[in-house]
Amino acid sequence: MSERGLDPRGPRFAAGITTVLLVVALFLALSGTAAAPAGTTTLAERAADPGFLLLVVIAALFLWGVASPATAPWGVLFRRVIAPRLAPPTEREDPRPPRFAQGVGLAVTLVGIVLHLAGVPWALPIAAAAALVAAFLNVAFGVCLGCMMYLGLARLRG
C-alpha cells in the first residue's frame, strides 16, 4: 500500500486465499459439532471443533487486516511476491473500503464463533458460508460487498 492508494489486485488476491480457507472451514463446520442439536455438545467439544478453530484463525486474519493492513500476511505476500511479477496497476483505489470490508468479515465470523460457542446449531457454517459468498464475489467478479457497504454508509453521512 502506498500513499497513492491501493493496488486493487491485492484485495482480490487476498480474497482468493480467504475463499479457499472459508471453503475448508465450511466443510469442517458441516462435518463437525456445528450441526448437533442444541444441548448435545459441551463447550469443550464445540471449542475443539476443527471448523471452529479454522474460523477463529480466519477471524484473526480479518482482525489483522483491520488493525494493521500494511503487515497483514496476504497483503505482504501480494506486495513482495506477486506484484513485482505484474505490470504496474493502471489505477489505484482508496484503501478505506477494503479495510472496512475486512471489518465486516471479522464481524460476520465473530458472530458465528460466539453463537457456536453458545451452542446455537448451524451458526458456524452459516457464518462461514456468508463470509465465503462475500469473498468469492470479490475474487470471481470483483464485487466487494464490504466496500459497497462502506460507500453506501459514506453517502448516508453526506
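User: How many cavities of 30 Å³ or more does a search of the whole structure find?

Analyst: The structure is a predicted model. Rolling a probe the size of a water molecule over the atoms shows where empty space is left. With a threshold of 30 Å³, the search of the whole structure gives a count of 1 cavity.

User: Which residues lie nearest the centre of the largest cavity?

Analyst: The largest cavity holds about 60 Å³ of space. Its lining has 6 nonpolar, 6 polar and 1 charged residues by class. Of the 13 lining residues, those nearest the centre are T33, A36, T41, R46 and G119.

User: Which phi value, positive or negative, does G119 have after α5?

Analyst: G119 is among the residues that line the largest cavity. G119 also follows α5, and its phi is near 90 degrees, which is positive.

User: How far apart are the end C-alpha atoms of helix α5?

Analyst: Helix α5 covers residues 96-117, a run of 22 residues. At 1.5 Å a residue, α5 should span 32 Å.

User: Which helices are included in what covers the buried residues of α5?

Analyst: The buried residues of α5 include P97, A101, L106 and I113. Their cover includes α1, α2, α3, α6 and α7.

User: Is the disulfide of C144 and C147 right-handed or left-handed?

Analyst: C144 and C147 are joined with an S to S distance of 2.3 Å, within the 2.5 Å cut-off for a disulfide. The torsion about their S-S bond is about 70 degrees, so the disulfide is right-handed.

Key:
Residues numbered from 1 in each chain as written. Predicted model: local features only at pLDDT ≥ 70, side-chain atom pairs only at ≥ 80, totals over all residues. Heavy atoms only, no water. 1 Å grid on protein atoms, 1.4 Å probe; cavity = no way out; pocket = protein on both sides within 12 Å on 5 of 7 lines; lining within 4 Å. Points joined across faces, edges and corners; volume = space filled by probe spheres on them. Nonpolar A, V, L, I, M, F, W, Y, C, P; charged D, E, K, R; others polar. Helix = DSSP H or I, 4+ residues; strand = E, 2+ residues; numbered from the N terminus. Expected span 1.5 Å × (residues − 1). Buried < 20%, exposed > 50% of the residue type's maximum accessible area, 1.4 Å probe, protein only. Contact = heavy atoms within 4.5 Å.
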